[in-house]
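Dear colleague,

I am handing over the structure we spoke about, and it is placed just below.

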Amino acid sequence: MSLDSIVKVNITRDTKVPTQKGFGVPAILSTEANLLLTNLVTEYESDSVLESLIAAGFTTASQTYLSASAMVSQSPKIEKLKVIKQSPSVAQVDLLTIVTVENAATYAATFNGILVEYLSDADATDAEIQAGLIALLAGIVGVNAGFVANGTDKIDVTGSNPGEGFSLSVGDAKMTTANVTPNNGPVESLIAARDEDDDWYFLTDTTHTNLQVKLISAYIETIIKLYAYQTSDANSKDETESSLTPGIIGELKLQNYDRTFGLWVPAAELVDYKMSAWVGLMAPKDPGSATWKFKEGNAISANKFSSAEKKNIQDKNGNIYIPIAGFNMFEEGVVASGEYIDIMRGTDWIQARIQEQVFGLLVSSDKVPYTDGGIESIGLQVEEVLDRAVDRLILVGGEDGPVVTVPKRADTTKADRAARFLRDVKFTGNYAGAIHKVQIDGTLSV
């Protein structure tokens, strides 16, 4: 007789949890990859990435290989990295067409948010209106497009910088606009890549132009990732923050970007990929648990700066790799806004893990009821993540530790309960931060 006939046991393995975002995974945006790789995003194990890149057609002198080599030369070593294809940049082309010709009428066009208006005369022609609009549009300060007559009633608008898009609109039906050639640049490559594989956190690239940095940093600010760039931009080092030409590092500080951090290196040493080494060194560490300052990379040399050069770079929230007291180290470990990189990464980790933890509860339960108990179970998920953040030294514990509050069912609205929407789950906490400077005062006597 089978034991099943007496005691039947059914076990359901409830082990499925949401995928956790890869906060230790760096990606290299590569123009070289556009010709050598098939997929938009290719993943490599760190132990075999260099051999795999050679097999794919990269050389040991290629920028992608050099960047990857700097990443995997650190200790502890990252587990994996990804290479993203950057397609060739293409300039946007729009066509502005004069549909009707009217005397003493206003022809309005808005380029990149700036309005221009041409008032036609008492004997208007389409060529006159066309010439007037071209003169006004071309006179916009900081314009990044060319305006060229096409026949007598059209204007070809072409982006001056391939990869940098623009907006063009008209005021009414007297004119129309149409896109002829879509803009394509690093941002478009990243958007397409994320649709294929979004499981990476740090972004580096192999194109060190100011335009590339400007475009990527503006985009990365809109997503939960960090962009690390290196630059040899002379103005960033030689000019003060208050100058009219503060360089790309200063420009990003003015934008107050929280998700981009830059390292200044000499032009001849861009191929050393010190920024990639820094990312490779820090990516394996628990998010938020380590300051990015004081760290020494393997197989990279430090740079010496005059006191003025160092001040210029750091006043703009740029980072450098320098020798101090026989030790090479990165400093200060900040993003363009001045916030510390570890704070940004730790905050992103908390946000993602709370989302995953609460979602995991919702999908693994038959139902989380809209009762005091059900509401409290949501709060417990948040508490669990915050407790882990304390363990990782992202947040302070003890008396100053995180506090989670949830509403009582009686304090929620009937409309929210009907919509099955729980709001007012809140928490507070204090960053653990890090000690970067020390003052010690002592008195010695006899």
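**Notes on the model**

Ala-325 is found in the loop between strand S14 (320-324) and S15, where helices (H or I, at least four residues) and strands (E, at least two) are DSSP runs, numbered from the N terminus. Please bear in mind that this is a predicted model, in which local features need pLDDT of at least 70 and side-chain atom pairs count only at pLDDT 80 or more, while totals for chains, interfaces and linings use all residues. Residues are numbered from 1 along each chain as its sequence is written, and side-chain values use heavy atoms, with hydrogens and water left out.

Although Ala-325 is not a glycine, its phi is positive, at about 50 degrees. Ala-325 counts as exposed because its relative accessibility is 82% (buried means under 20% relative accessible area, exposed over 50%, partly exposed in between, with a 1.4 Å probe and protein chains only). Asn-256, in the loop between helix H8 (247-255) and strand S13 (260-264), is likewise not a glycine and has a positive phi of about 60 degrees; with a relative accessible area of 46%, Asn-256 is partly exposed.

Two cis peptide bonds deserve a mention. One joins Ser-75 and Pro-76, with omega about 0 degrees, and Pro-76 lies in the loop between helix H3 (63-72) and strand S3 (80-85). Another runs from Glu-331 to Glu-332, with omega near 5 degrees, and Glu-332 sits in the loop between strand S15 (327-331) and H11.

Within helix H11 (residues 341-364) is Gln-357, which counts as buried because its relative accessibility is 17%. Leaving aside residues up to four places away in sequence, Gln-357 touches Gln-381, Glu-384, Val-385 and Arg-388 (contact means heavy atoms within 4.5 Å). The side chains of Gln-357 and Gln-381 also make a polar contact (3.3 Å), that is, a pair of N or O atoms within 3.5 Å in which, within protein, one must be able to donate a hydrogen and the other to accept it, residues adjacent in sequence counting only if both atoms are side-chain atoms.

Best regards
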